[in-house]
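Here are my notes for your review. Please read them with the model open.

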Amino acid sequence: MPTYRIAPSILSADFARLGEEVRNVVRDGADIIHFDVMDNHYVPNLTIGPLVCEAIRPHVQVPIDVHLMVKPVDRIIPDFAKAGANIITFHPEASDHVDRSLQLIRDNGCKAGLVFNPATPLSYLDYVMDKIDIILIMSVNPGFGGQSFIPEALKKIAEARQRIDASGREIMLEVDGGIKIDNIAAAAKAGADTFVAGSAIFGKPDYKAVIDAMRTQLAST
Ligand code: DX5
Ligand code: ZN
């Protein structure tokens, strides 16, 4: 069985109690904290920036996975690295120089990755696989939590898995959007190893019950 990681998205957490929320979700089994950054420009919503990343950093030891839904990308990368991010991903359409942005993330000491919207082709990976530590497949259109999983994402996860295996490199394959207990196994079977879940976890009273149920599903794949 591959190493599976559950990455709760704090987009659905109680922002008035964010430190406690991230501590609780890690206590209850989260492997990674997924941190959604929206700018009301690249996506039609506005969320949180480096100050909030810095504020939650002392509360957890697990990696903080910053998903940038912002345009432009480069200016904000060093700020997130300084704020304690471990992984930084961005949407290739939001950067004029994708190779440079990937390098910038690594130069700032973080793992780097590209995020693919439902209609964005994986061909952006063609010439940058050596600079990629993580591929994030969106299974909703970015901008909001609580949307429904788009089934076509499964085919794209499988294609991304083929590219990763062909590269011979260790690259994480993350899926984001509408992941629930009843579809996480399908995403794993398609080849994902890292699962973002916002409303499925933070929307429920018992985080441990959801994370445990997700792991049971993953164990059955
Ligand atoms: C959407 C975000 C997701 C979102 C996931 O733009 O990137 O991380 O928070 O939330 P759920 O799991 O509720 O779809
Ligand atoms: Zn996200």
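**Notes on the predicted model**

1. Start with the loop that holds P72. This residue lies between β3 (64-69) and α3 (77-82). The model is a predicted one. The peptide bond from K71 to P72 is cis. Its omega is near -5°.

2. Next, look at the backbone of N40. Its phi is positive, at about 60°, although N40 is not a glycine. N40 sits in the loop between β2 (33-38) and α2 (50-56). Is N40 buried or exposed? N40 is exposed, because its relative accessible area is 52% and the cut-off for exposed is over 50%.

3. Now the zinc ion (ligand 2). Which protein donors hold this ion? They are H34 through NE2, D36 through OD, H67 through ND1 and D176 through OD. These donors lie 2.1 to 2.3 Å from the zinc ion. Along the chain, the donors of the zinc ion follow the spacing H-x1-D-x30-H-x108-D. H67 belongs to strand β3 and D176 to strand β7 (residues 172-176), so this pair ties together parts that are 109 residues apart in sequence. H67 and D176 are both buried.

4. How many cavities of 30 Å³ or more does the structure hold? The structure holds one. The largest cavity contains about 220 Å³ of space. Its lining is made up of 25 residues. Of these, F144, G145, G146, D176 and G177 lie nearest the centre. D176 is also one of the zinc donors. The elements that give two or more residues to this lining are β2, β3, β8 (194-197) and α7 (199-202).

5. The residues lining the largest cavity divide into 11 nonpolar, 11 polar and three charged.

6. Finally, check N117. It is found in the loop between β5 (111-116) and β6 (134-138). N117 is buried, because its relative accessible area is 11% and buried means under 20%. The side chains of N117 and Y42 are joined by a polar contact of 3.1 Å.

Key
Residues are numbered from 1 along each chain as its sequence is written. Chains are lettered from A and ligands numbered from 1 in the order in which they are written. This is a predicted model: local features need pLDDT of at least 70, side-chain atom pairs count only at pLDDT 80 or more; totals for chains, interfaces and linings use all residues. Side-chain values use heavy atoms; hydrogens and water are left out. Helices (H or I, at least four residues) and strands (E, at least two) are DSSP runs, numbered from the N terminus. Buried means under 20% relative accessible area, exposed over 50%, partly exposed in between (1.4 Å probe, protein chains only). On a 1 Å grid over the protein atoms alone, a cavity is a set of points where a 1.4 Å probe fits but cannot get out, and a pocket is an open set with protein on both sides within 12 Å along at least five of seven lines; lining residues have an atom within 4 Å of a point. Grid points are joined across faces, edges and corners, and a volume is the space filled by probe spheres set on the points. Ala, Val, Leu, Ile, Met, Phe, Trp, Tyr, Cys and Pro count as nonpolar, Asp, Glu, Lys and Arg as charged, and the others, Gly among them, as polar. Donors are N, O and S atoms within 2.8 Å of the metal (3.2 Å for Na, K and Ca); water is not among the atoms, so sites may look incomplete. A polar contact is a pair of N or O atoms within 3.5 Å; within protein, one must be able to donate a hydrogen and the other to accept it, and residues adjacent in sequence count only if both atoms are side-chain atoms.
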